[in-house]
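Trainee: I would like to learn how to read a ligand site. Where do we begin?

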Amino acid sequence: MPDQVSNEMLDLDELKTQRASVFHRQLGREPYDLDEAWDFARSNAERRGMAATLARAKATGNTVAIPRAGVAHWDAQLELMRTLSAAGAGVVPITVDSLTRSLKFEDAAKALAQSTPDRSVLNGYPLLAHGVERTRELISAVDRPVIVRANAIDLRLVAETAFASGATGFVSGPMYATLEYSKLGSLEVSIPNWQYIFRLMGEYAAHGVPIVEDAIGFAQSGTCSVPSLMHVGVVLDALIMAGQGVKHIVPYQMLQGHVAQDVAGCIAVGTLTDEYLAKLGFGDVRTYVASSDWNGAFPARQPDAYGLLAANVLACAIARTPVNYVKTIEEGIGVPTAAANAASIRFTRYLTHLISRQATSLLSPEVEFELELNLMEARAILDAVLDMGNGDPVRGSISALATGVLDIPFSPNVHVRGNVLPVRDADGAVRFLDHGALPLPAAALRIEAERLASRRARSGSGELSYQDVIDDLSFLEFEEPTLPEGGDPHS
Ligand code: 5AD
């Protein structure tokens, strides 16, 4: 099986066989009836579809703010979605709990039974425990398109249930779910799981139900990375989606607090995704770039968290991305309350409104510089990966990961070499301290080194070390410098 994995489109009969087997093994029942599901999903999508909302935003230069949110109890989830919609969320989420994501459906059902509208025993909505009928009622009761959010290497039943219930957006792909989220999973196993989901999405699309899929790629979870490397994962996820017939893709740029580099990242990831989709014959796929607020350690202090969100919104508004995935002022504390989530959405909407009309005047030469560097580095890695697969992104990814031509920092996954180390330069932009075996052009390596020179000079030894990499993990926390006794803070 592993050496047969490729980017070929899954045969429809094979999808049917796999569906029967997955439903039988994981749920002990027959698969959902797709004709019935398409009828419901089509009329739902015509009223509130995520693809139409994003297409409108892209065409008009607007940004759709999308939160993450999920609680166990059905009534509380509805209340939460209505609150977020009222605060200005253009698409509302159902974030699925971790037990359901790890296929522990019975444990999730037990925790649901212990949850009340005021107390969620789960960190999200137990989609399988609620089931298709109840979730259809939920989705029908809100006035916005709904995205189901989860992340794992086997989300086949979560996807089946989400689409049959009327979700018109879904999240992730094999690169992110495997290499950033799983310890033992391999691409050889997770890619076919995800191809099942993408093929199913392709069938929904062919039956009048466009479903949008987030390509997160190598956006770091909890840490930072060099944008060009994050883009490589996004493009590979997107090519695997398109290979199975997905028509609406959201390339992600995870923002890291350096505005020029973040703006450039938003522009570069869109350019690269479109470029490689066209190159591999998927020119009919529509893309909508998403900026996603910082995914690492957040300040616990609310005013600081607002400051961090503001830096992220600034980048998103200058780049005019059609989507902004919004974190909350309570990210540093835990799962946010509905009120904190709503306040973060409203804040984001306000600042986007203020800044986006000034976008052109805020594009700096520094953005241009970062953009060119991003494109040069990402193309070099992508071309090498595709070459290794004789043009096939699936085969190429698997071979490249084994040899370190694909490599990412801080991965929890045992199949990743982990020889790449990112570090921030003196201004806070993220650079390669060690690029491992990534095939970067000499010109790019020279620029990366030059940009680290001033931080090197600042360090006592004149060199940067692993400790600097560790220190950078809390870069977005801010402590006032302690003053000497009697010191004047304003001198
Ligand atoms: N409610 C709100 N946000 C959530 N996230 C995950 N689960 C929930 C939830 N139930 C968000 C957090 C986390 C990111 C991956 O998704 O911000 O950092």
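Mentor: Begin with a cut-off. A polar contact is a pair of N or O atoms within 3.5 Å. Keep in mind that this is a predicted model.

Trainee: Which backbone atom of Gly70 lies 2.9 Å from the ligand, and what does it face there?

Mentor: A backbone N or O atom of Gly70, and it faces a nitrogen atom of the ligand. Asn123 also places a backbone N or O atom 2.8 Å from a ligand nitrogen. For Arg68, the distance from a backbone N or O atom to a ligand nitrogen is 3.4 Å.

Trainee: How much of the ligand does the protein bury?

Mentor: The protein buries 77% of the 400 Å² that the ligand exposes when taken alone. The ligand takes the space of the largest pocket.

Trainee: Which residues are around the ligand?

Mentor: Arg68, Ala69, Gly70, Thr95, Asn123, Lys327, Glu331, Val335 and Pro336. Sort that shell by class: three residues are nonpolar, three polar and three charged.

Trainee: Now a helix. How do I read one?

Mentor: An α-helix has 3.6 residues a turn, so residues three or four places apart point the same way. Then check the span. Helix 12 covers residues 259-279, 21 residues in total. From first C-alpha to last, helix 12 reaches 30 Å, close to the 30 Å expected at 1.5 Å a residue.

Trainee: What is the phi of Gly281, which follows helix 12?

Mentor: The phi of Gly281 is positive, near 90°.

Notes:
Residues are numbered from 1 along each chain as its sequence is written. This is a predicted model: local features need pLDDT of at least 70, side-chain atom pairs count only at pLDDT 80 or more; totals for chains, interfaces and linings use all residues. Side-chain values use heavy atoms; hydrogens and water are left out. A residue is near a molecule or strand if one of its heavy atoms lies within 4 Å of it. A polar contact is a pair of N or O atoms within 3.5 Å; within protein, one must be able to donate a hydrogen and the other to accept it, and residues adjacent in sequence count only if both atoms are side-chain atoms. Accessible areas come from the Shrake-Rupley method with a 1.4 Å probe; for residues, only the protein chains shown count as cover. On a 1 Å grid over the protein atoms alone, a cavity is a set of points where a 1.4 Å probe fits but cannot get out, and a pocket is an open set with protein on both sides within 12 Å along at least five of seven lines; lining residues have an atom within 4 Å of a point. A molecule sits in a cavity or pocket if more than half of its atoms lie within 2 Å of its grid points. Ala, Val, Leu, Ile, Met, Phe, Trp, Tyr, Cys and Pro count as nonpolar, Asp, Glu, Lys and Arg as charged, and the others, Gly among them, as polar. Helices (H or I, at least four residues) and strands (E, at least two) are DSSP runs, numbered from the N terminus. The expected span of a helix is 1.5 Å times one less than its number of residues.
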